[in-house]
Amino acid sequence: MAKAAPPLWPAASEGPLGFMFLVLMLVLVPHLALALFVSPPHLLDQVSTLDRYVLNESSSLECLQVTAPIFSPSESCQQILMTHVFAFSYGQPFIGAYYPPDCSFNRVTFKFAVMSAGRQFDRLALMFFGDIEIFRTSTAEPTQNGITWTYVKDMTMYLALFQRPQKIIFDLGNLVDDTYTGSWNTTLTAHFFTTDETIQPADNIIPVSARQSNANKSSGFSVPGSKAINTLTFPQNAKKAIFLISACGQAAEEFWWSNVFSSNTQAFGGEASLYGHSPFREVQLFIDGIMAGVAWPFPVIFTGGVVPGLWRPIVGIDAFDLREDEIDVSPFIPLLSDDREHTFEIRVVGIDDDEHGNGTLTEALESYWIVTGKLFIWLDTNTSLTMGTPPVVFAPDPSISMYSRLRKNASGIVQSLDYSVQVSRELIITSTIQTSSGSGIITWKQNLTSSSIGTLSNQGNTQIVWHSTVGMHSSPSSEYYKTFDYPLYVWSSYNMFSGGEYIIHADMDRGKYAYQFGELAYPNEWKTFDHAGQASTPFRGTTIHNRQNGTASYYGIPAQRRAYSSGSTEQSFLLKGVSEVTVREVGLPTLTKEELYRRHVIAANDSVVSDETTFVEESSQRYVKPWMQARGAHRFAMKGIKAWLGRGPF
């Protein structure tokens with residue numbers, strides 16, 4: 001699906017709290033206030049100097065996703081799985097074949113390399129082994145001179161699939177015409193090697209997908225247009241089962257976190273129709289019609305989102321690796337181990353309101369979400385039937401608090417829309433299971449809270465949104481505990497001029513913070529981290545602190561088929577290993593944290609101007625341009641629009 005910076009920014013909202021937040025932001029960020037109230041002709045004057053810039057002849061720009069490096073030794077056994085150019089490729093995925101290599105291995109990594117030149121939207125890509133999705137990614141937006149990027153991903157969790165031949169289906173839909181000229185030149189290489197790390201991949205992996213591999217098609221479900229449901233037969237001697245959900249919004253659901261209440265979609269009248277069903281989304285898993293768990297999605301922003309200048313050359317968090325959410329469905333094993341068919345269904349819901357502050361969950365969303373699932377199963381050494389009690393499910397309806405207000409002038413014309421929503425959910429599922437290791441209680445618990453406040457003004461074309469998702473997941477039987485926090489702030493303003501030209505300004509500040517003890521299906525981060533040749537400490541968990549902040553502008557001239565984007569982005573990434581140490585005096589465990597990897601990158605107008613990396617305890621400063629250091633670039637990049645506008649072409 002093509003994705004470009006949208007002309008409208010449906011918001012999130014507030015009540016009095018949101019209004020206070022707006023006032024605070026205008027005080028703390030002066031250039032935000034300027035951009036909110038400056039007249040369109042003045043904005044146009046700011047970008048007039050862009051005309052003197054032309055595309056240079058420099059070498060291809062290297063794009064990157066800032067994340068921890070993955071261990072993948074160069075002396076590994078290698079196999080090229082795909083070399084393909086995706087040009088006019090909608091409905092025409094790459095079809096290939098995988099055969100296990102002639103070498104022993106217990107670890108697998110992918111190296112995905114891409115080159116592109118020209119003009120193109122960002123595109124979504126899904127890779128399948130047969131009907132099982134194993135990798136979801138997206139593209140950076142190219143330049144006329146060309147861009148490249150390489151992403152390395154640990155694939156050891158799919159080891160069971162790599163033991164036998166597979167049909168490869170790599171779906172990267174793209175369109176090429178006289179305006180959008182960029183093709184994707186791709187190479188995907190698998191690396192196979194052996195380590196002593198204790199990663200225990202699943203014995204079986206069963207897909208919940210559209211199952212279109214026999215027709216050489218992608219097996220992603222599109223909801224709400226279709227039901228995401230499969231009927232499965234479960235092995236009778238399972239001891240652990242983890243369900244993974246891959247889901248991301250597209251088209252009118254791409255910026256779901258900025259949607260408004262359904263009752264407010266026509267707040268500004270005329271053609272300013274906003275996207276509805278609230279800025280809350282929940283992805284639900286049902287087994288035989290019983291809720292088995294939920295996923296509250298991370299707000300991925302693709303490289304055409306908000307303003308493209310924010311994401312070149314640093315792409316958004318997870319843009320090259322759209323990670324799945326994990327749900328421990330082991331409490332359902334006694335129910336599923338009867339050699340009968342059982343249904344697994346994935347639903348995506350938002351909220352509809354009654355115009356009086358009351359909301360209910362709804363599947364009737366905008367169009368659309370691409371979703372798949374898969375069931376990872378670990379088998380007992382004993383082949384006898386796994387016994388136990390049916391799951392006891394505590395999953396009350398979520399608590400929903402909503403507020404909205406229209407502000408009008410003396411003539412009754414709507415000046416702004418303020419609204420807010422907060423959702424909380426608790427879920428506990430418990431059963432008793434009997435395996436060859438004995439009898440035990442299995443529990444899956446989730447505790448989640450989402451809040452969003454914001455303001456829309458300028459006929460719906462200017463938006464402030466503050467979105468937050470925090471949660472806790474735990475599975476004591478798997479010694480797994482995870483907390484996470486996804487804060488997101490976006491301010492954007494869109495203005496169109498009489499000649500058809502338009503300009504978008506935006507600021508953003510976002511993060512992905514997580515603490516994880518133990519693991520479910522994904523290996524814990526410290527196990528896949530590249531320790532730069534040093535022996536790794538046997539940690540029990542990791543903490544990740546990942547923050548992006550930036551400001552950018554986009555100027556479009558449709559009559560000339562030209563656009564310019566400028567901006568600056570700063571990202572700080574920190575990975576720590578967590579150990580458990582017993583305190584002898586009191587006999588209680590305590591947690592110690594060791595810094596493993598730190599990276600701090602600053603980019604401005606298609607160029608990395610500072611990139612500092614601390615690897616374990618060895619620091620290496622790659623390069624810092626003195627002029628950026630002198631300007632205080634080590635603060636997060638909240639420069640004014642004027643400071644960056646016109647420094648380079650899109």
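I take two strands as paired if DSSP finds at least two bridges between them, and the helices (H or I, at least four residues) and strands (E, at least two) are DSSP runs numbered from the N terminus.

I note that this is a predicted model, in which local features need pLDDT of at least 70 and side-chain atom pairs count only at pLDDT 80 or more, while totals for chains, interfaces and linings use all residues. Residues are numbered from 1 along each chain as its sequence is written, and side-chain values use heavy atoms, with hydrogens and water left out.

**Entry on the sheet.** I looked up the open sheet and found five strands in the order β1-β7-β4-β9-β2, with mixed pairing. β1 (61–62) and β2 (77–86) stand at the edges with a single partner strand each, so one side of each is left without a neighbour in the sheet.

I then followed the pairs. β1 runs parallel to strand β7 (residues 147–154) and is joined to it by two bridges; the bridge partner of Leu61 in β7 is Ile147. Strand β4 (residues 107–116) runs antiparallel to β7, with eight bridges between them, and Val114 stands opposite Trp149 in β7.

**Entry on the cores.** I looked next for nonpolar cores, meaning sets of buried Ala, Val, Leu, Ile, Met, Phe, Trp, Tyr and Cys residues joined through side-chain atoms within 4.5 Å; buried is under 20% relative accessible area, exposed over 50% and partly exposed in between, with a 1.4 Å probe and protein chains only. The largest core has 135 residues, and Met127, Ile134, Phe162, Phe170, Val329, Leu375 and Phe376 have the most contacts inside it. Its largest share, eight residues, comes from strand β23 (residues 414–435). Apart from this core lies another, of 16 residues, among them Phe573, Leu596, Val601 and Ala603.

For Met127 I listed contacts (heavy atoms within 4.5 Å). Leaving aside neighbours within four places in sequence, Met127 is in contact with residues including Leu81, Phe110, Ile134, Ile168, Phe170 and Leu188.

**Entry on Leu336.** I located Leu336 in helix α5 (residues 333–336) and found it buried, with a relative accessible area of 0%. Beyond its neighbours within four places in sequence, Leu336 is in contact with Phe234, Ile287, His342 and Phe344. I also recorded that the C-alpha atoms of Leu336 and Pro390 are separated by 9.3 Å, the two residues being 54 residues apart along the chain.
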